Amino acid sequence: VELLKESVGIKITYIQWFTYTFPIWLMMIPVVWFTLLKWFPLTEDEKSFPHVKEELEHKLEEVGKLNIKEKKCLAILLMIVALWFTEPL
């Protein structure tokens, strides 16, 4: 987007970029997923991802619940993303 702005003078907002690229994402994700599964097939044990589940449970116990500072940070992040989406308005 920045290259387009600098070299050609075309300015694209985030929502325009999202609108243009979202259909491509929707097509590419299943294609890439299928391709990876064909090239690197999983065993029956790996299909349920037991090691990943164990690691996630362990990390969740370590981290615990969100504290007030983390909630404030999350609210600020969401507000920034909302402002980013509504930049053209």
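Glutamate 55 has a relative accessible area of 43% and is therefore partly exposed. Its partner in a salt bridge is lysine 59, with the closest N and O atoms 4.0 Å apart. The model is a predicted one, and the count of salt bridges in it comes to 1.

- Side chains of opposite charge can pair when their charged atoms come close.
- Both lysine 59 and glutamate 55 belong to helix 3, where they are 4 residues apart, about one turn of the helix.
- Lysine 59 has a relative accessible area of 40%, so this residue is partly exposed.
- Helix 3 covers residues 50-63, and its 14 residues should span 20 Å at 1.5 Å a residue; the end C-alpha atoms are 20 Å apart, which agrees.
- The number of buried residues among the 14 of helix 3 is 0, so this helix lies largely in the open.

**Aromatic pairs**

- A pair of aromatic rings is described by the distance of the centres and the angle of the planes.
- The number of aromatic pairs in the structure is 9.
- One of them joins tyrosine 14 and phenylalanine 85 in an edge-to-face arrangement, at 4.9 Å centre to centre and with 85 degrees between the planes.
- Because tyrosine 14 lies in helix 2 (residues 14-39) and phenylalanine 85 in helix 4, this pair ties together parts that are 71 residues apart in sequence.
- Phenylalanine 18 and tryptophan 25 have ring centres 5.6 Å apart and planes at 80 degrees; their pair is therefore edge-to-face, as the angle is over 60 degrees.
- Phenylalanine 85 counts as partly exposed because its relative accessibility is 28%.
- Phenylalanine 18, with a relative accessible area of 24%, is partly exposed, and tryptophan 25, with 35%, is partly exposed as well.
- Ring pairs join Tyr14, Trp17, Phe18, Phe22, Trp25, Trp84 and Phe85 into a cluster.

**The annotated segment**

- An unreviewed UniProt entry gives the annotation "transmembrane region" for residues 20-40.
- In the model, the chain over residues 20-40 is 95% helix and 0% strand.
- The end C-alpha atoms of residues 20-40 are separated by 31 Å.

**The loop between helix 1 and helix 2**

- Isoleucine 10 is located in the loop between helix 1 (2-7) and helix 2.
- With a relative accessibility of 40%, isoleucine 10 counts as partly exposed.
- When neighbours within four places in sequence are left aside, isoleucine 10 has contacts with Val1, Leu4 and Lys5.
- From isoleucine 10 to proline 30 the distance is 31 Å, C-alpha to C-alpha, and the two are 20 residues apart in sequence.

**Helix 4**

- Lysine 72 is part of helix 4, which covers residues 68-85.
- Lysine 72 has a relative accessibility of 55% and so counts as exposed, the cut-off being over 50%.
- The C-alpha atoms of lysine 72 and aspartate 45 are 40 Å apart, while the residues are 27 apart along the chain.

**The overall fold**

- The secondary structure of the protein consists of 4 helices and 0 strands, in the order α-α-α-α along the sequence.
- The radius of gyration is 20 Å, well over the 12 Å that the globule rule gives for 89 residues, so the protein is more spread out than a compact globule.
- Taken along the principal axes, the C-alpha atoms fill a box of roughly 55 × 45 × 20 Å.
- Of the 89 residues, 4% count as buried.

Terms used
Residues numbered from 1 in each chain as written. Predicted model: local features only at pLDDT ≥ 70, side-chain atom pairs only at ≥ 80, totals over all residues. Heavy atoms only, no water. Helix = DSSP H or I, 4+ residues; strand = E, 2+ residues; numbered from the N terminus. Buried < 20%, exposed > 50% of the residue type's maximum accessible area, 1.4 Å probe, protein only. Expected span 1.5 Å × (residues − 1). UniProt positions renumbered as here; feature names shortened; annotations may be inferred. Phe/Tyr/Trp six-rings, centres within 6.5 Å; stacked < 30°, edge-to-face > 60°. Salt bridge = Lys/Arg side-chain N within 4 Å of Asp/Glu carboxyl O. Contact = heavy atoms within 4.5 Å. Rg over C-alpha atoms; globule rule 2.2 N^0.38 Å.
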